[in-house]
Each structure stands twice: as C-alpha cells, then as structure tokens.
2 protein chains.
Amino acid sequence: MDNEFDWIRSIQPKTHKQKTVEVGIGDDAAIVRPNDGCDTVLAVDTMVEGVHFTKDTMTAEDIGYKALAVNLSDIAAMGAVPLYYIVSIAVPKTGWSQEETRGIYRGMAELAEIHEIDLIGGDTVSINGPLVISVTIGGEVEKDCRLLRQNAQAGDIVFVTGPLGRSPYGLDHLLEYGRERADEMPAVYPYVEAHQRPFPQVAIGRFLACQDVRIALNDISDGIAHEAKEIAEASGAAVILEWESLPVDEKLKEAPLSKQEDWVLYGGEEFQLVGTVSAQDWFILKREAKEHGFELTAVGEVTAGEGVFLRRNDTIEQISRSGYTHF
Amino acid sequence: MDNEFDWIRSIQPKTHKQKTVEVGIGDDAAIVRPNDGCDTVLAVDTMVEGVHFTKDTMTAEDIGYKALAVNLSDIAAMGAVPLYYIVSIAVPKTGWSQEETRGIYRGMAELAEIHEIDLIGGDTVSINGPLVISVTIGGEVEKDCRLLRQNAQAGDIVFVTGPLGRSPYGLDHLLEYGRERADEMPAVYPYVEAHQRPFPQVAIGRFLACQDVRIALNDISDGIAHEAKEIAEASGAAVILEWESLPVDEKLKEAPLSKQEDWVLYGGEEFQLVGTVSAQDWFILKREAKEHGFELTAVGEVTAGEGVFLRRNDTIEQISRSGYTHF
C-alpha cells in the first residue's frame, strides 16, 4: 500500500458540500461550525469482517455504503439532518488490496453524495486480523426537538415506516447461494440489496421531527422486538405488537411461520424506523405523511405495564427473545 | 460476557460533567448543545492490539487511558477545550475477560475525570481477532481561532512544549524487560509511564490558542521529523531543526547517537506539541508561557524552500525518514 500520507490524500475530498465544515481532513482534528438554534447529534457504528459482513456476502463498495448507512439510520431516528462523517478503518495486513480498501471509501462516498454529507476526518491503521470499519456521524437538529425512546406513553399507537424482514431474508439467500449467484436471481435481488445497501430513513425522520407532536422513535437495527423493548423500557410502559398488522412482503409469507418470525420480529439491520404517537395525533400524522410520500403503518399499541407482547389470532404472548446482541 | 444491554448499563456514566451534554448514552445518538461563538472540533484515533499495544506492555487501564490521551492530544493541537468522547470497541471472542474490558473503560474514565469530559456514546461489537479501540473526541474552540499546520511562514521560530524521546525510550525498555519488570525499575519507570500514560498538552494548547498571534501547531504523535514535515508541507516552507536545541533527557544521551535519533527524531507517541511563531512574537510568547508555568523551547526555524533539515555541528542534512507510518 502507499504510505499513510499518500493514502490520506487519495481519500480526501476535494471540496465540501456543507458550509458547516470549516476544516476537513488534513490537520490534527476537523472543525465544524454549528448552526444557530441547533443541537449537534453524534453517533458511531462499527462493522467487523466475519461478524457483520464477509467478502462472500458484500463487495467492498457495499461494505462502505452500509457502514455509512447504519450511521445515517441513527441520525434518522433522532430526526436530525446528517452533515459529516469520520472514518476509522483497521486494514488487514494481508487479504485486502489497496484497490479493495479504496472501494470501501467509494461506497461511502456514493451514499454521502446522496445525503450531501462530507468526510471530514479519520484514522487508518493496520491490523493482524479482520477488517474493522467504524464510522462516526454528525448532524444537527433544532434545539429541544427530540424523538427520544423515552417519549412513549400508554395509549400510543406504535407505527413503522416500511416493510420488515427484507434484509434478513436477503441475508439468508446470500448465505445460501453466495453473493455472485444471489445477485443474479431477480426474485431475490431486492432483498439481497436490502441487506447490502439498506436505505436509511433520513427523510421520514426529518418529517417526523418537524410535526410538533410527541413521538418516540428508534431505528430497527436489531429487530422490531428488540427496538420495541428499548422504547418500552425507556418509557416505563409495555408494547403490544399485532402480528397481522406488521407489513411483510408476500414472498416472505410463503415460508414457515417460525422463519417469518425470525425475519420479521428478530431480524437485524432492517433500518426502518419504529415509533409511537398518541392515538389522537395518529390519523393526522399518517395523512400528513402520505401527502409527503411516506407510508406509516400502525403495528401495535403502548399500554401500562412492562415488556413486549405479540398479539396473534386473538392470543397474546410475551416476546422473550430480544433480537440480535453482539455477545 | 453480560448481554450487550447490561454491558452498556455497566459503562454508562451516572451524571455528566459538561452542561453541553443534552442526551448521553442510551438512545440512537447523543445530543450536545454547542456554546455560542464556538466551533466544534472533532478527531478520531484508533489503537489495535498487536500494533499499538500488547498485554505485555500495557495494562487494560493503560490501554483505555492512552486511547483517550491520544485523542486529547489532537484536541490540544487545535487549541480547543475537550468536552466529550465516544468509544467504539471490538472485543475479541477469546482472551479478554469482561473485567479486563471494564478496565479499559476505567482507564478512560480516570483521564476523563481529570479533563472533565463525558462519555456520551459508543458501540460494542465482537471480533475474531485482536482488540480494537477507536475513540472519537469532541471539543470546542472560539470561532476562527485555529492553530493550523498551514500557519507557518519563513522566518518563524520552531518550538516544542517539552522533552522528546521519552515515550520511545520507555517502549524500548518495556519490550526488553516486559511490563512487570520495567514497572519495578525506578530509573526507567518515568519513561515507561510516558509510553503507557502520555500526558496530553491540553493546557498549553489552550494557552497558545488564547495568545492572539499566528501559530502553527501539531501534536507529536509520529516523531518530530514527521510532524515538522507536515507543517512544512501544509505551509509551503522548509523546517530546519537544531539537533543541539532539541530538549532531551540526559539519560537518553548515554546511548549511541543513532539510538538517540530513533527516539528523538522518529519516535512516535510523544504527545508534546510542536509549533511555529514569528521571531518577533517568540520572546513574548516564551515569557508569557513561563508565567503560566509552561516551558517552550526553540528548536529550529522555518525557511523558504521545502523539506525538513537537521543542523548539527554546523552541517545541515535533509531528513528523509518520516517517522512511523502505519503501512
């Protein structure tokens, strides 16, 4: 590989899209100028080769794209505007060519272009082990406008922003057929793409942040059962999900119920948003969303108590599994 | 290990020291409120087991302490006030106990306490490989007050904030004797500590930022030869370092000259600051610094041209090695 300094030059953007960036890559730290009236929103997500991806399931560009997408999803869940990102990458001493590593940055740049955000800093190190990429993202949101998990109240409607289970369904096919074959299967490809290049719901997040109603919001990174549990715990309430209301593609319904549950309830990396809003605001919110081109679906309710429950065929069961955890 | 959520609870601070922190750990992202009239300063540094440290040279607490210290050093080099940090950690599936991993957070918390900064977010993942810790730090500096690398001009004095070569000298002894024996050697321990627990020069950085004179500044993370080269390149000038002026402990001078050069010119992880200031401002700056308890040492000059040169015994040689790089 080039030396570290040529490498930095090769990934350094020539211009910045955001006027908020005062000093980007090339000094000890980056400098950004906050906009008046806004709070800064910061999140980090890390992806490890062999845990979150392998070369068998993702191209280098996919890996970069997804590493940024999962961070954009955190920004979306706060209703914030993404502005800039910082990349720390540990590149294996063997097995990854410089061109492949550049591909990761190309994948990030592609998604950054869509959201008009800037790469402003980073660190590149080597590792005797798998590739590790860690992205820190920064954005801003109007002061005191917060879509926190703790905002749910008994009586709220629980809603989601799109279909569930697509990414884990795609992953299952990737693992079964491999990346190159799965990419060639038209019926499967949309699901494979949902896994490789998830679409962060930044626009819906901003729409929700601007509605001036109390909303609790989470992105679905670890399966809706787990995210609902986080909202329930943070808010001191219980959540009941309605199995029949969860938006699921017909294709997934061809599989046995236990498989469907794996994908829809516990499947990770969905990156839709799950939220709650009072019953009286729900119908206005849904209609307003529709006018903006967003489809919100009611999938359950918040009640007094604790835990997450599933209602199906008039029976209610507590959900005890809590999605994917990293230990 | 506990599940991910118990783990997050175990490392989550109970209170925040900075009023700027609006939402810390526990939601999709952290929220901080920028102070009026300030820019935000952000940096990231990553340490990889087997590359930047091993268990033979550092305790878990040392690793955490240093991971935060290297980031504080970046903030220092921008003359900024550190405010908060975000930690991404990839924990090996074997070989690291939960107690050891907690030790890393204790080490960070110890240094964070001194600088009154808050842990506001992070990500914990597992890895089939070495431990990787990546810290993103945030701070703030008065608008347009910037100690950038590109600020140097021909005629400037080059200065450093403290003795050089201590950390690499300590590392050599750590590698020779191992951590436990080196810790017991009184003559060596201060140097071992310089490697394990470097002291970030945040206070001097703030002093320099407040002087209202043109200053170029870098932290010495990769050896002064390399940092001087960065200043020279960014400023379109050359730097001449005076070997006899470089502040070096007597102990290091007992070694052969080539060893001294390795430690003093090319030794990484020094974390003193190197800067430049005009000759006419230099004497006032040095005196003011002294009154604040800081010792600045002139070690060379900036001239027209390009490259970094070493003057020794009235001869001048270009320095071609450029310090430690990660490839």
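A:Asp123 counts as buried at 10% relative accessibility, where buried means under 20% relative accessible area, exposed over 50% and partly exposed in between (1.4 Å probe, protein chains only). The model is predicted: local features need pLDDT of at least 70, side-chain atom pairs count only at pLDDT 80 or more, and totals for chains, interfaces and linings use all residues. Residues are numbered from 1 along each chain as its sequence is written, chains are lettered from A and ligands numbered from 1 in the order in which they are written, and side-chain values use heavy atoms, with hydrogens and water left out.

**Annotated positions**

A:Asp123 is placed in strand β5 of chain A; helices (H or I, at least four residues) and strands (E, at least two) are DSSP runs numbered from the N terminus. Apart from neighbours within four places in sequence, A:Asp123 is in contact (heavy atoms within 4.5 Å) with A:Val87, A:Ser88, A:Ile89, B:Val44, B:Asp45 and B:Thr46. UniProt, in an unreviewed entry, lists A:Tyr105, A:Gly122, A:Asp123, A:Arg149 and A:Ser221 under "binding site". These residues span 117 residues in sequence and their farthest two C-alpha atoms are 32.0 Å apart, so they do not all gather at one spot. UniProt positions are given in the numbering used here, feature names are shortened, and annotations may be inferred rather than shown by experiment.

A:Arg149 lies in the loop between β6 and β7 (157–160) of chain A and is buried, with a relative accessible area of 11%. Not counting residues up to four places away in sequence, A:Arg149 touches residues of chain A, including A:Asn218 and A:Glu230, and also B:Gly26, B:Asp27 and B:Asp28.

A:Tyr105 is one of the buried residues of helix α3(A). The 18 residues of this helix (98–115) should span 26 Å at 1.5 Å a residue, and the end C-alpha atoms are 26 Å apart, which agrees; the expected span is 1.5 Å times one less than the number of residues. A:Glu116 follows α3(A) and has a positive phi, near 55°.

Chain A is superposed on chain B by a rotation of 180° with 0.0 Å of shift along its axis (RMSD 0.0 Å). The two copies are thus related as by a two-fold rotation axis. The superposition is by least squares on the C-alpha atoms of residues with pLDDT of at least 70 in both copies. Among the residues of chain A, A:Gly129 comes closest to the axis, at 2.5 Å (C-alpha).

Strands β4 (81–92) and β6 (132–142) of chain A pair in the antiparallel sense over nine bridges, and A:Ile89 stands opposite A:Ile133 in β6(A).

Technical notes
Pairing = 2+ DSSP bridges.
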